[in-house]
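Work through the exercises below with the structure in view, and try each task before you read its solution.

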Amino acid sequence: MILFPAIDLKDGQCVRLKLGDMAQATIYNPDPAAQAKAFEDQGFSWLHVVDLNGAFAGETVNGAAVDAILKATKNPVQLGGGIRSLEHIENWLSKGLARVILGTVAVRDPELVKAACKAFPGQVAVGIDARGGKVAVEGWAEASELEVVELAKRFEGAGVAAIIYTDIDRDGILTGINWDATLALAAAVEIPVIASGGLASMDDIARMTKPDAQTLEGAISGRALYDGRIDPAEALQMLKGL
């Protein structure tokens with residue numbers, strides 16, 4: 001069970017948004033590379049990075065910050081936000097990224113995702129972001145009519161390394177993970193699922209240790225880590241051995 005600390009990049013800085021709203025950004029560290037190293041020093045084994053500007057622009061915007069993060073940490077890094085082509089995927093993986101996260105393109109061009117999974121086995125994850133149970137794209141700015149499970153099932157057997165499921169209605173507001181929807185998704189597909197959005201306290205960490213949550217690969221934590229609501233050492237000890 002992996003606890004992924006999150007670095008969300010906006011204008012080269014480490015921020016957290018509320019409900020995916022770029023106008024509601026709190027800056028937590030102007031030096032994302034230093035933050036990445038701090039997470040490594042705290043004992044985390046992975047790092048989750050999102051290029052927020054890139055998600056809206058459809059191309060990498062915070063590339064320099066990501067490069068600096070890759071240099072600063074030995075931990076494997078997964079990156080999402082604005083990655084929309086095979087060339088883009090290959091470029092990031094060649095720089096040492098462990099895993100790319102494809103979101104909008106998973107809805108717009110599922111065949112590209114499948115081709116990427118064949119070309120880069122084990123290094124392609126799909127990000128499914130939902131509002132009210134429907135998939136959202138383009139940095140959460142646009143809603144689709146796709147149901148979460150319907151989209152996830154399109155990639156069964158394709159070689160997707162993980163599905164990162166974010167409940168936008170809970171993201172950044174510390175109300176707790178949407179366990180019902182997350183566990184329902186994990187039960188519906190064989191692809192490993194990572195929970196994202198709303199992880200709020202040590203209670204959520206304790207919930208991750210329950211038997212029914214063992215179907216998950218892990219969960220992503222952002223604001224609760226930065227605000228001190230989650231103690232890294234205690235959380236990692238609770239999840240150890242799961």
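The exercises that follow concern a predicted model, and each task is followed by a worked solution.

**Exercise 1. The nonpolar cores**

Task: Find out how many residues the largest nonpolar core has, and follow the contacts of Val113.

Solution: The largest nonpolar core has 67 residues, and Ile7, Leu102 and Val113 are those with the most contacts inside it. Once neighbours within four places in sequence are left aside, Val113 is in contact with Leu102, Val105, Ala106, Val124, Val126, Phe155 and Val160. A second core, separate and made of ten residues, includes Ile2, Ala6, Ala125 and Ile220.

One of the partners of Val113 is Val105, a residue of helix α5, which spans residues 104–108. Buried means under 20% relative accessible area, so Val105, at 5% relative accessibility, counts as buried. Apart from residues up to four places away in sequence, Val105 touches Ile83, Arg84, Pro110, Leu112 and Val113. Val105 can also be compared with Lys95, which is ten residues away in sequence, and the two are 21 Å apart in space, C-alpha to C-alpha.

**Exercise 2. A threonine in a helix**

Task: Is Thr182 buried or exposed, and which residues is Thr182 in contact with?

Solution: First place the residue, which lies in helix α8, residues 179–188. Its relative accessible area is 2%, so Thr182 is buried. Beyond its neighbours within four places in sequence, the contacts of Thr182 are Tyr165, Ile177, Val193, Ala195 and Leu216.

**Exercise 3. From a loop to a strand and a helix**

Task: Describe the setting of Asp11, and then trace the contacts of Tyr28.

Solution: Asp11 is found in the loop between β1 (2–10) and β2 (13–18). The phi angle of Asp11 is near 55 degrees, a positive value in a residue other than glycine. With 54% relative accessibility, Asp11 counts as exposed.

Tyr28 has its place in strand β3, residues 21–29, and counts as partly exposed at 24% relative accessibility. Although Tyr28 and Gln13 are 15 residues apart along the chain, their C-alpha atoms are separated by 7.9 Å. With neighbours within four places in sequence left aside, Tyr28 is in contact with Cys14, Val15, Arg16, Arg223, Tyr226 and Asp227.

Arg223 counts as buried, at 8% relative accessibility. Between Arg223 and Asp204, which are 19 residues apart in sequence, the distance in space is 13 Å, C-alpha to C-alpha.

Conventions
Residues numbered from 1 in each chain as written. Predicted model: local features only at pLDDT ≥ 70, side-chain atom pairs only at ≥ 80, totals over all residues. Heavy atoms only, no water. Core = buried A, V, L, I, M, F, W, Y, C linked by side-chain atoms within 4.5 Å. Buried < 20%, exposed > 50% of the residue type's maximum accessible area, 1.4 Å probe, protein only. Contact = heavy atoms within 4.5 Å. Helix = DSSP H or I, 4+ residues; strand = E, 2+ residues; numbered from the N terminus.
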